[in-house]
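These are my notebook entries on a structure that I went through feature by feature.

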Amino acid sequence: MIQNPSTAKVSVYVKTLFLLFFLTVSYSGLYAQKQVVSPVYTNVSEHIKAYYESLPVDYASSSSKKYPLIIFLHGVVELGAGTSSTLPKIKNNSGLARVIDKGNFPTKFTVGGKDYSFIVIAPQFASQSNSAKSIDDLIAHVTKKYRVDETRIYLTGLSMGGGMTYDYVGNNKQNAEKIAAILPVCPAMTSTDFKASNIAQAKLPVWITVNSGDAASYPTNAKDAVAKIKALHSTSQMPWITVFNKSGHDAWTQTYDTNFKQGGYNVFEWLLLHSRGTSQPAVTTNPPTASAGSNQTITLPTSTATLNASGSKASSGTSISSYAWTKVSGPAVGKITSASASNTTATGLTTAGTYVFEVKVTDNKGASATGRVTITVKAVTTTPPAVKVGINQTITLPTSTVTLNASNSAASSGASISSYEWSKVSGPAVGKITSASAAKTTVTGLTTAGTYVFEMKVTDNKGASATGKVTITVKAATSSRKTGEEVADVEKETPVLTAPVNNLEVKINPNPVTTSMNVWVDSKHSGKTSIQVYSITGTLLMQKEFLKNTPGLINQSFDVSNLPRGVYVVHVTLDGKERKAVQMIKQ
């Protein structure tokens, strides 16, 4: 069958469009994937028995393509034997392997108009010993097994691994010449002129990151290493250093964050700027210096802090063109007043906690740097008011009213008393507080003898409160007898003593008494016994009844510590037949 030429052209056109659509969808789907880490257990060297590999998403489908290689060296905490139980520390604890495992590593980077994807290898070291030999063995193993672009081999590591990275190239010029660039992060290292000379002669690009608030040796050694390399600048690449304005050892989280850039590049883009055996692109090596000011602490209810980046500086020949403030972490509240100003405020910091704000400073050539400041917001601390309710009081019936006075109570510095509240805590059921919300008031109707306890609650204008208690003792009514009468007279007028005394002997010991009184009762009779203590005016103050089971001497003890000093009468009655009264003196 002969096909119409026009129809044939349309058919070819449709097929071409379909093929382009298929390729576009396939390409988009490919880069929508995430790069992952996979364990590889193999005997690489004496101290490396396993590593994690992370291959580009198009590695299997691009059988002839070679890829740049990043070797990531871990910290001392992740040392292990390279077994299935120890290797996961590499991806679980920190660093680049963790970034990839969490899905935060881009599948490609575009530098100089070209797309790149990395092979990333993260070995586990069993020991720090002879690390240079272990790294040599690893590079040989990886370049043999994988399609590596050997002009683009990069070393990076944190803490111990950062020190291994620097020492590998610093102690051997030949090693430095086969590495395209290094990125030591908070490296545990010692800088020397010898190391700096090897790096400079190899013209090896270096970028070191470290925290200003790390242990003193880390920022000091990092700055010293960069200074030694800079001194040899005529023969070396200009080294970079980033000192993050933060405390602690963790400089890797920010370093490996692709949103962090210096000179317009994140660390992975910066690595790709460099390769062995090719001319190096021009790189802005003098970005501005970003300063977010000193860390601050405020205490609620103060909820505003000043953000000040005026200490930031542009490098020679440039000027700062923009500022951009953002909140990095902290409670959900808080607002930046003017995010594009060098000096601004953070308002609404109404929740206690730690807030971190970051300023990005960009110069007129597009180079940028970041700085951070920490604002600590403390919860309000208030000293409660001091409550004063006066001394305890004693009244004797028929007096039944007392005054309660808390007007001498005082609020703490910077506060004022906003309310008073009186309440009865314990005591007989009678009694009424005249005005419970007044500092000074009266209690009426205390018509029952006993002990009453009243409490005052004082609250200040900041919500802090405190309490104080006062005791009111109400005594029973006393007789109209005059003080100073003889005991004999009391005996004559007290009905309980009208019967004749037989063979009953009563003795007080000690006498005078201070706190405890013993009453000795001696009789040949037994039976119900009553001991009563009267005031000299005839008021019954204490009484104890008991059964005297046997003839002879018995002893009963009384606590008289609450009795005031004076003269008292002790009456003893035995079986309603024998009675006796003796005098007791309270000191």
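**Entry 1, salt bridges.** A salt bridge here is a side-chain nitrogen of Lys or Arg within 4 Å of a carboxyl oxygen of Asp or Glu. Side chains of opposite charge can pair when their charged atoms come close.

I then checked how far the two partners are covered, taking buried as under 20% relative accessible area, exposed as over 50% and partly exposed as in between, with a 1.4 Å probe and protein chains only. Lys577 is exposed, with a relative accessible area of 54%, whereas Asp575, at 34%, counts as partly exposed.

I note the basis of these entries: the model is predicted, local features need pLDDT of at least 70, side-chain atom pairs count only at pLDDT 80 or more, and totals for chains, interfaces and linings use all residues. Residues are numbered from 1 along each chain as its sequence is written, and side-chain values use heavy atoms, with hydrogens and water left out.

The search of the whole structure finds 13 salt bridges, and I looked up two further ones. Lys108 and Asp115 are joined through their side chains at 3.6 Å, N to O; Lys108 is partly exposed at 30% relative accessibility, and Asp115 is partly exposed at 31%. In the pair Asp224 and Lys228, the closest N and O atoms are 2.8 Å apart. Both of these residues lie in helix H8, four residues apart, about one turn of the helix. Asp224 is partly exposed at 29%, and so is Lys228 at 21%.

I recorded 11 helices and 31 strands in the protein chain, where helices (H or I, at least four residues) and strands (E, at least two) are DSSP runs numbered from the N terminus. Of the 587 residues, 43% are buried. Taking a contact as heavy atoms within 4.5 Å, I find that among contacts between residues at least 6 apart in sequence, 66% join residues at least 24 apart.

Which residues of helix H7 (193–201) are buried? They are Lys195, Ala196, Asn198, Ile199 and Ala200, and the buried residues of H7 pack against helix H5 (160–170), helix H6 (173–178) and helix H8 (217–230). Just after H7, Lys203 takes a positive phi of about 50 degrees. H5 itself is mostly covered, with 10 of its 11 residues buried, among them Met160, Met164, Tyr166, Tyr168 and Val169.

I followed an open sheet of three strands in the order E12-E15-E14, with antiparallel pairing. Strand E12 (305–308) and strand E14 (335–336) stand at the edges, each with a single partner strand, so one side of each has no neighbour in the sheet. Two strands count as paired if DSSP finds at least two bridges between them, and E14 is joined to strand E15 (343–347) by two bridges. Lys335 stands opposite Thr347 in E15.

Grid points are joined across faces, edges and corners, and a volume is the space filled by probe spheres set on the points.

How many cavities of 30 Å³ or more does the search find? It finds one, and the volume of the largest cavity is about 30 Å³. Its lining consists of Phe244, Asn245, Lys246, Gln254, Thr370, Gly371 and Arg372, with strand E10 (240–247) and strand E17 (368–378) each supplying at least two residues.

The second largest pocket holds about 440 Å³ of space. Its lining has 20 residues, of which Ile241, Thr242, Gln262, Pro288 and Thr289 lie nearest its centre. E10 and E17 are the elements that give two or more residues to this lining, and E10 gives the most, with five.

Methods. On a 1 Å grid over the protein atoms alone, a cavity is a set of points where a 1.4 Å probe fits but cannot get out, and a pocket is an open set with protein on both sides within 12 Å along at least five of seven lines; lining residues have an atom within 4 Å of a point.
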